[in-house]
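Hi everyone, thanks for coming. Let me put the structure up on the screen, and then we can walk through it together.

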Amino acid sequence: MAVTKTVSPERINFAVGKGVTLLGENRVQEYLSKKDSYDSSAEVHFIGHLQTNKVKYIIDSVSMIQSVDSLKLAREIDRLAAKAGRIMDILIEINIGEEETKSGIDSGAMKELATEIQSLENLRLRGLMAIPPIGADESVFEEMHGLYEELKGMGGGLPRAAIDTLSMGMSGDYELAIKHGSNLVRIGSALFGARNYNI
Ligand SMILES: *Cc1c(COP(=O)(O)O)cnc(C)c1O
């Protein structure tokens with residue numbers, strides 16, 4: 001995935017023209033201001049912290065919400081997906097470094113949330129997303145891999161799920177992430193250059 005926060009539509013469309021097929025945006029306001037200018041051949045995933053009152057703005061245009069971190073948010077996505085007549089793909093975000101400044105649920109709460117959202121008919125759980133702390137030890141990546149395998153292992157306990165995505169790895173750590181099972185890396189600055197603000 002090419003993470004396109006702070007990147008202008010012109011540069012995004014240049015990247016799409018070069019073969020990028022998946023974009024990631026993390027701020028609702030910024031995404032809304034740019035999305036109508038996007039080359040429509042690329043899909044967009046929402047990857048930032050999402051407030052329940054903003055789901056309505058993105059429900060029609062993104063193909064996945066990677067940052068589901070509460071049952072309340074899952075319920076609101078389900079409700080609006082039903083209204084829009086669609087099934088929304090989601091990932092559960094795990095706060096793997098247990099950092100106070102980051103969103104995501106504790107790893108110990110994964111199974112419970114995954115099970116609870118099975119009653120929501122308009123969601124399809126596809127896997128997990130995480131942002132390991134900067135400079136995190138390899139064991140943190142391996143722990144995420146373990147959680148992902150655990151989720152896959154829930155099998156019939158997750159009748160509405162299709163677990164195939166571990167979204168982990170950014171410009172600074174994607175090699176480690178891939179080594180530990182990631183199959184979706186989210187690359188921003190390594191593609192587009194440094195931003196003037198951090199995540
Ligand atoms: C900004 C961002 C990225 C990309 O970060 P880079 O270090 O620029 O590659 C990945 N994931 C999320 C959730 C982000 O907000």
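Let's begin with Ser182, which sits in the loop between α7 (174-179) and α8 (189-192); helices here are DSSP runs of H or I of at least four residues, strands are runs of E of at least two, and both are numbered from the N terminus. Before going further, please keep in mind that this is a predicted model: local features need pLDDT of at least 70, side-chain atom pairs count only at pLDDT 80 or more, and totals for chains, interfaces and linings use all residues. Residues are numbered from 1 along each chain as its sequence is written, and side-chain values use heavy atoms, with hydrogens and water left out.

Is Ser182 buried or exposed? Ser182 is buried, because its relative accessible area is 9%; buried means under 20%, exposed over 50%, and partly exposed in between, with a 1.4 Å probe and protein chains only. Its side chain reaches the backbone oxygen of Leu166 at 3.2 Å, and a polar atom of that side chain also lies 2.6 Å from the backbone oxygen of Met168. Polar contacts like these are pairs of N or O atoms within 3.5 Å; within protein, one must be able to donate a hydrogen and the other to accept it, and residues adjacent in sequence count only if both atoms are side-chain atoms. Setting aside neighbours within four places in sequence, Ser182 is in contact with Leu166, Met168 and Ala177, where contact means heavy atoms within 4.5 Å.

Next, His45, in strand β3 (residues 43-46). His45 counts as buried too, because its relative accessibility is 7%. Its side chain makes a polar contact of 3.5 Å with the side chain of Ser63. Beyond four places in sequence, the contacts of His45 include Met1, Leu22, Met64 and Leu184.
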